Amino acid sequence: MITLTKEDGPADLDGVTHLSIGVSWDPTAGSSGGVLGKLRRNTGTDLDLIAVAMQGGDPVRLAGLDSLDPMGNGSLVHSGDNQTGRGDGDDETVTVEFARVPPNVTSIVFVAAAYKRGSSFQKARNISFKVYDGTGGNSQQVADIWPSLLTQDNGCAVAKAVRVGGSWKLEVINVTGKIKQGDEHALMRFAVSK
């Protein structure tokens with residue numbers, strides 16, 4: 001297993017038929033103790049993993065939020081919305097089956113966002129992104145992507161899968177920015193800019 005960084009450049013996905021990216025986080029109460037701190041820990045914070053399928057520079061489908069299979073053919077599938085970050089393992093996952101991705105889709109951008117009002121990266125800790133190779137039906141973790149936690153932003157473009165001829169490459173973006181909370185078009189514009 002490796003830790004992927006932007007400096008590594010795009011990784012070849014030759015032979016990879018199923019790729020998953022998962023995000024996990026733990027809720028935090030910040031510096032609040034007592035009843036208020038316990039309430040914040042129990043409520044958690046809602047980060048969202050979203051995959052935006054691109055046709056050139058245009059977003060054409062979005063997996064995440066309330067869209068779990070936007071292509072309708074299982075090529076891009078979201079695990080569902082975890083609104084608290086509680087529990088072990090990945091809190092949200094997007095899986096790509098490359099052979100089923102329509103030929104007009106040229107790339108897929110993976111974005112983590114504190115999308116809903118009242119949620120923020122500052123209310124989460126231990127945020128991590130894991131990359132899995134699910135080829136052959138056995139999903140095994142092959143890489144980690146660790147974002148900086150020193151950000152006031154509420155969006156992180158994690159990675160991008162890019163179609164190159166008949167194969168795919170995965171490049172780490174790991175760039176943060178501001179997204180207007182609750183605005184799906186702002187989320188898509190953020191993905192397009194990466």
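Two strands count as paired here if DSSP finds at least two bridges between them, and the legends below use that rule for a predicted model.

**Close-up 1. Strand β9 and its hairpin with β10.** Asp133 has Gln140 in β10 as its bridge partner. The two strands form a hairpin with 6 residues between them, and Gly136 in that turn has a positive phi of about 80°.

**Close-up 2. Strand β9 beside β3.** Here β9 meets strand β3 (residues 18–27), which runs antiparallel to β9 and is joined to it by 8 bridges. To find your place, look for Ser20, which stands opposite Tyr132 in β9. Of the 10 residues of β9 (residues 124–133), 7 are buried, so the strand is largely enclosed by the rest of the structure.

Close-up 3. Asp48 lies in strand β4 (residues 48–55). Is this residue buried or exposed? With a relative accessible area of 1%, Asp48 is buried, because the cut-off for that term is under 20%. Leaving aside neighbours within four places in sequence, its contacts include Leu65, Asp81, Glu92 and Tyr115. Across the strand pair, Asp48 stands opposite Ala113 in β8. Strands β4 and β8 (residues 107–113) run antiparallel and are joined by 7 bridges.

**Close-up 4. The open sheet that holds β4.** Follow the strands in the order β2-β12-β11-β8-β4-β5 to trace this open sheet of 6 strands, with antiparallel pairing. β2 (11–12) and β5 (58–63) stand at the edges with a single partner strand each, so one side of each is left without a neighbour in the sheet.

Close-up 5. The structure holds 3 salt bridges, and one of them joins Asp12 to Lys169, with the closest N and O atoms 2.7 Å apart. This pair links distant parts of the chain, 157 residues apart: Asp12 is in strand β2 and Lys169 in strand β12 (residues 167–177). Asp12 is partly exposed at 47% relative accessible area, and Lys169 is partly exposed at 25%.

**Close-up 6. Lys178 and Asp153, a salt bridge between two loops.** The closest N and O atoms of Lys178 and Asp153 are 3.4 Å apart in this salt bridge. Lys178 sits in the loop between β12 and α2 (184–192), while Asp153 sits in the loop between β10 and β11 (155–164). Lys178 counts as exposed at 59% relative accessibility, whereas Asp153 counts as buried at 17%.

Notes: Residues numbered from 1 in each chain as written. Predicted model: local features only at pLDDT ≥ 70, side-chain atom pairs only at ≥ 80, totals over all residues. Heavy atoms only, no water. Buried < 20%, exposed > 50% of the residue type's maximum accessible area, 1.4 Å probe, protein only. Helix = DSSP H or I, 4+ residues; strand = E, 2+ residues; numbered from the N terminus. Contact = heavy atoms within 4.5 Å. Salt bridge = Lys/Arg side-chain N within 4 Å of Asp/Glu carboxyl O.
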